[in-house]
Amino acid sequence: MTLPDDFITQAKATMGDELWTLLAQGLCSEAPVSIRLNPWKCREGMWTAVDATDCVAWCSSGYYLNSRPNFTFDPMLHAGMYYVQEASSMFLDLVLRQYVTGGAVRMLDMCAAPGGKSTVARAALPAGSLLVSNEPMRTRAQILAENIQKFGHPDVIVTNNYPQEISRSGLMFDIILTDVPCSGEGMFRKDPVAINEWSPQNVEKCRRLQREIVAEAWQCLRPGGLLVYSTCTFNTKEDEDNVSYICKELGAEVLPVDIDGDWKITGSLLNGFDKPVYRFLPGLTRGEGLFMAVLRKTDDGATEQGRPKTKKQKNGRERGKKQSTAKPDKGWLTSPDDYEITENGDTFTAIPKAWKDVYDLASRLLKVLSAGVELGEIKGKDIVPAHALALSTAFNAQAFPSVSLNYAQAISYLRKEAVTLPPDTPRGYVVMTYQNVPLGFMKNIGNRANNLYPAEWKIKSTHIPEGKNNVIIKN
Ligand SMILES: C[S@@+](CC[C@H](N)C(=O)[O-])C[C@H]1O[C@@H](n2cnc3c(N)ncnc32)[C@H](O)[C@@H]1O
């Protein structure tokens with residue numbers, strides 16, 4: 001690995017020779033492979049990672065694996081049973097479990113794609129909490145929506161907005177994560193592009209953008225609320241300098257996180273800055289590069305909670321001419337009384353009643369890609385159940401006939417190929433399951449069946465795996 005000279009000079013000066021030598025060795029060694037089980041789908045103790053060596057010390061649902069399996073060919077990945085995530089990022093789990101211990105909260109993940117930390121957060125927040133998971137880049141926001149739908153928790157709104165649009169909406173949050181775009185020094189080992197794109201000028205550009213993002217986020221944070229600031233870079237300009245800026249310019253105190261010395265997480269590397277911050281260095285800590293700081297908003301001059309500041313905006317499709325009076329069956333959900341069914345054009349969505357006001361505001365003021373549980377869409381005389389419904393933890397799978405697929409059939413289904421259903425399968429919409437876990441729907445029309453797996457999510461690789469690629473198994 002050839003690192004930029006300027007980076008080496010800067011890192012040596014910041015870290016000192018001893019730490020730099022460890023980091024340089026770490027960057028040349030193999031990255032650990034890890035996954036995190038989805039606690040909403042893998043009930044505690046019921047599923048195990050097949051090839052796990054041990055648990056991630058700071059996140060009990062995280063596991064290191066012995067080797068890198070071919071994740072694409074594991075149906076459970078597509079069912080949202082686990083998320084492939086490097087271990088350092090799971091530190092957010094520890095932070096939220098330490099600081100968010102009361103009742104339900106509203107959290108915003110401002111820079112969320114592809115969704116790793118949003119899914120950590122969704123697992124760690126107290127019951128009844130709401131997460132708004134936002135990403136301004138359109139294509140990345142679609143990947144985020146896909147990962148959130150696979151994760152399956154109904155109390156998540158995925159938006160595709162710039163931070164200033166969110167702050168202008170007037171929505172307020174108790175916790176905000178800004179996992180900001182950065183110069184990516186912590187990604188050098190995994191991503192050679194990050195090495196080519198690194199330059200001192202880019203570090204400076206990132207630092208400015210990060211401040212802009214945080215300043216917008218700050219306006220959406222209620223007084224006393226928490227801001228978690230993180231980067232995947234090591235330099236102090238994007239890390240300690242920015243934390244210092246948040247304290248001085250915006251009015252924050254930095255909070256300590258309870259860690260164990262054995263985890264070898266490093267603290268501040270900036271002379272004269274001795275606040276508690278957490279830096280994960282490959283070669284020292286078991287994971288990729290990460291910097292995280294937890295801040296509390298001390299200023300109480302914030303805007304009024306939840307008040308929209310802009311005019312109403314239209315979002316979603318206009319009501320079209322109805323071709324059908326079909327409606328989704330409330331029995332498709334396990335607790336239908338917790339939801340209000342909304343209709344937008346031909347699409348039906350179940351919105352959790354507890355957060356209906358926020359969902360309504362978000363859909364008026366922001367660009368919402370997914371929210372609550374998408375139930376289905378009217379097509380002709382039919383209502384076609386949504387793929388997101390099959391993946392939702394609120395889905396009542398008993399509401400549909402089901403067909404249990406073997407491994408080869410499950411892979412064919414996920415490639416959106418034709419799958420032959422047993423002759424006694426009832427006509428209509430049928431849930432495909434693998435090891436009792438829903439993968440999606442097919443429509444049985446008698447002489448054949450239509451595979452309803454979303455075309456944009458299908459497995460595109462033409463490789464046929466030898467044997468099963470089961471990353472997790474039921475105990
Ligand atoms: C470090 S990544 C986030 C990773 C994500 N939190 C996760 O754990 O999967 C930073 C994200 O910020 C997004 N981004 C880029 N410009 C932004 C901006 N001006 N405001 C907010 N986010 C931005 C990038 O597209 C990228 O998805």
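Visitor: How many bridges join β15 to strand β17?

Guide: Welcome! Please keep in mind that this is a predicted model. Strand β17 covers residues 373-379, and β15 and β17 run antiparallel. Within this pairing, Thr349 stands opposite Glu374 in β17. The number of bridges that join β15 to β17 is four.

Visitor: Why is strand β15 largely enclosed by the rest of the structure?

Guide: A residue counts as buried if 20 or more other C-beta atoms lie within 10 Å of its own. Strand β15 spans residues 347-352 and has six residues. It is largely enclosed because the number of them that are buried is five.

Visitor: Which elements do the buried residues of α4 pack against?

Guide: Helix α4 covers residues 91-99, and Phe91, Leu92, Asp93, Leu94, Val95 and Leu96 are buried in it. Their partners include one helix, α5 (116-124), along with several strands.

Visitor: Which element gives the most to the side of domain 1 that touches domain 2?

Guide: The domain assignment gives domain 1 (5-297), domain 2 (313-353 + 368-399) and domain 3 (400-461). The contact between domain 1 and domain 2 takes 18 residues from domain 1 and 12 residues from domain 2. On the domain 1 side, the elements that give two or more residues are α6 (138-151) and β8 (156-159). With six residues, the element that gives the most is α6.

Visitor: What separates the centres of domain 1 and domain 2?

Guide: The centres are taken over C-alpha atoms. For domain 1 and domain 2, the separation is 32 Å.

Visitor: How many nonpolar residues does the shell around the ligand have?

Guide: The ligand is surrounded by 20 residues, and the closest are Cys111, Ala113, Gly116, Lys117 and Asp179. The elements that give two or more residues to this shell are α5 and α9 (200-219). By class, the shell has three polar and four charged residues, while the number of nonpolar residues is 13.

Key
Residues numbered from 1 in each chain as written. Predicted model: local features only at pLDDT ≥ 70, side-chain atom pairs only at ≥ 80, totals over all residues. Buried ≥ 20, exposed ≤ 12 C-beta atoms within 10 Å, placed from the backbone. Contact = placed C-beta atoms within 7 Å. Domains from an automatic or database assignment. Near = placed C-beta within 6 Å. Nonpolar A, V, L, I, M, F, W, Y, C, P; charged D, E, K, R; others polar. Pairing = 2+ DSSP bridges.
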